[in-house]
Amino acid sequence: MSSDVESSAAHEGTPERGGSLIYRHRISTRLWHWTNAVVLLVMLMSGLMIFNAHPHLYWGSFGANPDMPWLEIGSSGDRGFLRIGDLTVDTTGVLGLWRGPTGQLRRLAFPYWATIPSSYNLAVSRLWHLTFAWLFAGAIAIYAIWSLFNRHLSRDLLPRTAELKPRHILREVKDHATLRFAKGEAARNYNVLQKLTYLGVLVVLIPLMILTGLTMSPAMDAAWPWLLDLFGGRQSARSIHFIVAFLLVLFFVVHIVMVVLTGPINEVRSMITGRFRLPKERP
Amino acid sequence: MTPKSFLNRRRFLTSFAVGGSAALVAGCDALSRNPTFREFLGTGEWLNYRIQRLVGGTAQAREYTEADLSPVFRTNGNTRPRSAEWERHAATDFVDYRLTVDGLVEEPQSLSLAELRSLPSRTQITRHDCVEGWSAIGKWTGVPLSAVLDRARLKDQARFIVLHCADDFGGTAYYESIDIVDAFHPQTILAYGMNDSILPTGHGAPLRLRVERQLGYKQAKFIMRIEAVDSLSDIGRGRGGYWEDVGSYNWYAGI
């Protein structure tokens, strides 16, 4: 087994067959993954409580109660609603108006089970959000430097030219849609859809999250006024921060679904011990 | 995988997720109350203060144009103090109002609005960012705090400027404090005018602070007294401001 680990760590050598245990995720990737799992969940849930303080989103530099939001979560009478532009959705029970753990009615945007802390407290949610932001900053700085140094980026994440051909991508999409996942040696590396997704998260969504987060800081806007120009004003940055947060949630949901569909025990183990059993080839 | 086993698995995962979320939320609530963890949660503020001072230095907040002004600038917090002294001043257009400047200063001051207006003035169109998330753009006219502090001549030990206000929440007077860097920042003014008129009551008449690189709760309204101190520990409950004392808001509100 240890020879498997050594031969596959180099991603070269003799091709492996389905059923063999290979070394798939290095310690840097595993640490980054689990740090993210905790930190991003805290960031999301504390962020939802911060949003509860003013559940309206605007475009531009300013935006407050007298101005027209493009998105709003609220309640009227005994109904909770989510309004996006002209579209209003009844969200009673989940958003805007819901029952707390002991059955009491609450008029807040996001429900107690989705927020940190669970009862309304803007100050405490900010303590969580702004402290975990620094944990996240530290983790991503270490991961980024490490990934360049150990060639995780060029070796595992950047798609090869052949993988970017439309025909190849189309086939991957078709295979994913019909739940035909890579087997044997082909399952050793990330497929092109995985590569593009992880890259999209790492180099598009996460940088957008960090920069729009900084744009909401009046002190950072003074230090780096280009932030305001980049996103079209503080309230636009706040809106983008919220949209990208939900793109990350979408990524998380698809990620979990894929783990479940491709073998949760094997996948989770590979992210804990690094070792992944290649799925058996189709007969 | 048969459809049935998939459904069972899905049901298992759903209950796992709901149970996990409940445990997570309960765990985080317990952590929020734990004093050691609360101390850890304070590191964010410390880092934000140090790093933003390092990166920002004395950088100025963006100033906007008349075209950018919020059509309606909403009020927030207290919109009218309940103090008898403030009411007396309001009834007489603040002619007898005096701003007290004391604490660690060589020459304590007692300044009328007319005297404040005769000092150098500054007008700026800036964005007000509430801790809740909303923003409004307004035009503020006032005297730079540095001009007032120069008149009073700060002693070397002074490290913070405390703004004592006429309004209160449940009998506890509002106050706020800023460091010396922000006190002498060119955009830090004691505003007596807003949007080309006299500062309205709802926005803090007769005098409010504008400290443009921090959030709304630092922008103390209805200012009666300015005190220079070397430590915040003897004021209120010692955390530097009303919301800092009662609601665990960060004293440094640059983010």
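Okay, let's start with chain A: the C-alpha centres of its domain 1 and its domain 2 lie 33 Å apart. Keep in mind throughout that this is a predicted model. The domain assignment for chain A gives domain 1 as 2-26 + 150-277, and domain 2 as 56-107. How many residues of domain 1 of chain A are in contact with domain 2 of chain A? Eight, and they meet seven residues of domain 2. By class, the domain 1 side of that contact has one nonpolar, five polar and two charged residues.

Now chain B. Here the division is into domain 1 (3-36) and domain 2 (63-247). Between their C-alpha centres there are 47 Å. As for confidence, the mean pLDDT of chain B is 94, with 96% of its residues at 70 or more. For the complex, the predictor gives an ipTM of 0.91 and a pTM of 0.92.

So how do the chains meet? Chain B puts 46 residues into the contact and chain A puts in 37 residues. On the chain B side, the elements giving two or more residues are helices H1 (3-33), H2 (35-41) and H3 (43-56), plus strands S3 (122-129) and S4 (135-144). Which of them gives the most? That's H3(B), with eight residues. Sorted by class, the side of chain B that touches chain A has 20 nonpolar, 16 polar and ten charged residues.

Let's zoom in on one residue of strand S3 of chain B, B:His128. Is B:His128 buried or exposed? It counts as buried, because it has 23 C-beta neighbours inside 10 Å, and the cut-off for buried is 20 or more. Leaving out residues up to four places away in sequence, B:His128 touches B:Ser135, B:Ala136, B:Gly138, B:Gly216 and B:Gln219.

Next stop, helix H6 of chain B, residues 145-152, where B:Leu145, B:Val148, B:Leu149 and B:Ala152 are buried. These four cover an arc of only 95° around the axis, so they sit on the same side of H6(B). What do the buried residues of H6(B) pack against? Strands S1 (99-103), S2 (109-111), S4 and S7 (189-194), and helix H7 (180-183), of chain B.

On to the cores. The largest nonpolar core has 87 residues, and B:Leu163, B:Cys165, B:Leu190 and B:Ile223 touch the most other members. Apart from that core lies another, of six residues, and its members include A:Phe62, A:Ala64, B:Phe73 and B:Trp134.

Last, a few backbone details. There's a cis peptide bond between A:Ile116 and A:Pro117, with omega about -10°. You'll find A:Pro117 in the loop between strand S7 (105-106) and helix H3 (122-149) of chain A. Chain B has a cis bond from B:Ala205 to B:Pro206, with omega near 5°, and B:Pro206 is in the loop between strands S8 (197-198) and S9 (208-210).

Then there's A:Arg151, which isn't a glycine but has a positive phi of about 60°. A:Arg151 is exposed, because it has 11 other C-beta atoms within 10 Å. B:Phe94 isn't a glycine either, and its phi is positive at about 65°. B:Phe94, though, counts as buried, with 20 C-beta neighbours inside 10 Å.

Technical notes: Residues are numbered from 1 along each chain as its sequence is written. Chains are lettered from A and ligands numbered from 1 in the order in which they are written. This is a predicted model: local features need pLDDT of at least 70, side-chain atom pairs count only at pLDDT 80 or more; totals for chains, interfaces and linings use all residues. Domain bounds come from an automatic or database domain assignment. Two residues are in contact if their C-beta atoms, placed from the backbone, lie within 7 Å. Ala, Val, Leu, Ile, Met, Phe, Trp, Tyr, Cys and Pro count as nonpolar, Asp, Glu, Lys and Arg as charged, and the others, Gly among them, as polar. pLDDT is the predictor's confidence in each residue, from 0 to 100. A residue is buried if 20 or more other C-beta atoms lie within 10 Å of its own, exposed if 12 or fewer, and partly exposed in between; C-beta atoms are placed from the backbone. The arc is that of the directions from the helix axis to the C-beta atoms. A nonpolar core is a set of buried Ala, Val, Leu, Ile, Met, Phe, Trp, Tyr and Cys residues joined through C-beta atoms within 7 Å.
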